[in-house]
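Open the model in your viewer and keep the sequence panel beside it. The stops below are given in the order in which to select them.

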Amino acid sequence: SLSDQGLQVKVACHNLGEHSFPFGYAAHPYLRLPTGTVDEWGLCLPFEQWLETDERLLPISLHPTVGTKADFRAARALSGQRLDTAFTEPVGGAGWEASITHGGRRIVLWADDSMRWAQVYTPGEASIAVEPMSVGPDAFNPGPTHHDLTVLAPGQRARHRWGLRAEAL
C-alpha cells in the first residue's frame, strides 16, 4: 500500500499442502537520491554481522561488523567502497531501518523482525540496492545462513512486512 507515510509491503505464505516445505522471502528495491552519487551518500545499516563469501558469492562465515569496513551502524559515505554483501543480526534484535542520506534528504527502508537479513549491492554510481530478506544467501543449503530458513508445516503461515519512506532533514 502507498500512503503519505510511504510504501508498505505485506507478504504472506500459507502452506495449503500435506507436506512441509522450506520458505524464504526477499525483495530487491534499489534506492536513489536526487543529488550526489553513491560515493557521497551517507549509508546507515543497523547490523551486527556481515557475511563473508567466496568468489562465487557462496557463504563462508559470519563476522562482526564492529570496527570493520562493513560497519555502517553510524551513517558514513562509501567513498569508493563497493558492496555485494549480506548483513544480519539487527541492532536491538528486532525490526530495523536502513537509510541513505544526502543534500537534506533521506530514503529509509525498514523491515519487521521477521526479516533479519539485508543484502546490500552497489551496482554503480546512481543507486544502492538494500534488499530485505527473511533468510540469508544460500540458506536452503547447510552453512552459516541455514539456521534462519523457515520450514512451513501443513497449515502454517509466514508473514513479512517491509517498506520505504522519504524524509526531508
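The tour goes from a sheet to an aromatic cluster, then to a core and a loop.

This is a predicted model, in which local features need pLDDT of at least 70 and side-chain atom pairs count only at pLDDT 80 or more, while totals for chains, interfaces and linings use all residues. Residues are numbered from 1 along each chain as its sequence is written, and side-chain values use heavy atoms, with hydrogens and water left out.

**The sheet.** Select the six strands that form an open antiparallel sheet in the order β4-β13-β12-β9-β6-β7. Strands here are DSSP runs (E, at least two residues), numbered from the N terminus, and two of them pair if DSSP finds at least two bridges between them. At the edges stand β4 (30-31) and β7 (59-64); each has a single partner strand, so one side of each is left without a neighbour in the sheet. Now pick β9 and β12, an antiparallel pair with five bridges. Thr85 has Val120 in β12 as its bridge partner.

**The aromatic cluster.** Select Phe47, Phe87 and Trp96, which ring pairs link into a cluster. Rings of Phe, Tyr and Trp (its six-membered ring) pair if their centres lie within 6.5 Å; planes under 30 degrees apart count as stacked, over 60 as edge-to-face and the rest as tilted. The whole structure has two aromatic pairs. For Phe47 and Phe87 the centres are 6.2 Å apart and the planes at 35 degrees, so this pair is tilted. Phe47 is in strand β6 (residues 47-53) and Phe87 in strand β9, 40 residues apart. Phe47 and Trp96 make an edge-to-face pair, 5.0 Å centre to centre with 65 degrees between the planes. Because Trp96 lies in β10 and Phe47 in β6, this pair ties together parts 49 residues apart in sequence.

Buried or exposed: which is Phe87? At 0% relative accessibility Phe87 is buried (under 20% relative accessible area; exposed is over 50%, partly exposed in between, with a 1.4 Å probe and protein chains only). Phe47, at 1%, is buried, and Trp96 is buried at 3%.

**The core.** Stay on Trp96, one of the residues that touch the most other members of the 32-residue largest nonpolar core. Such a core is a set of buried Ala, Val, Leu, Ile, Met, Phe, Trp, Tyr and Cys residues joined through side-chain atoms within 4.5 Å.

**The loop.** Finish at Gln81, in the loop between β8 (76-77) and β9 (84-90). Gln81 is buried at 16%, and a polar atom of its side chain lies 3.0 Å from the backbone oxygen of Lys69.

Terms used. Helix = DSSP H or I, 4+ residues; strand = E, 2+ residues; numbered from the N terminus. Polar contact = N/O pair within 3.5 Å; in protein donor to acceptor, adjacent residues only side chain to side chain.
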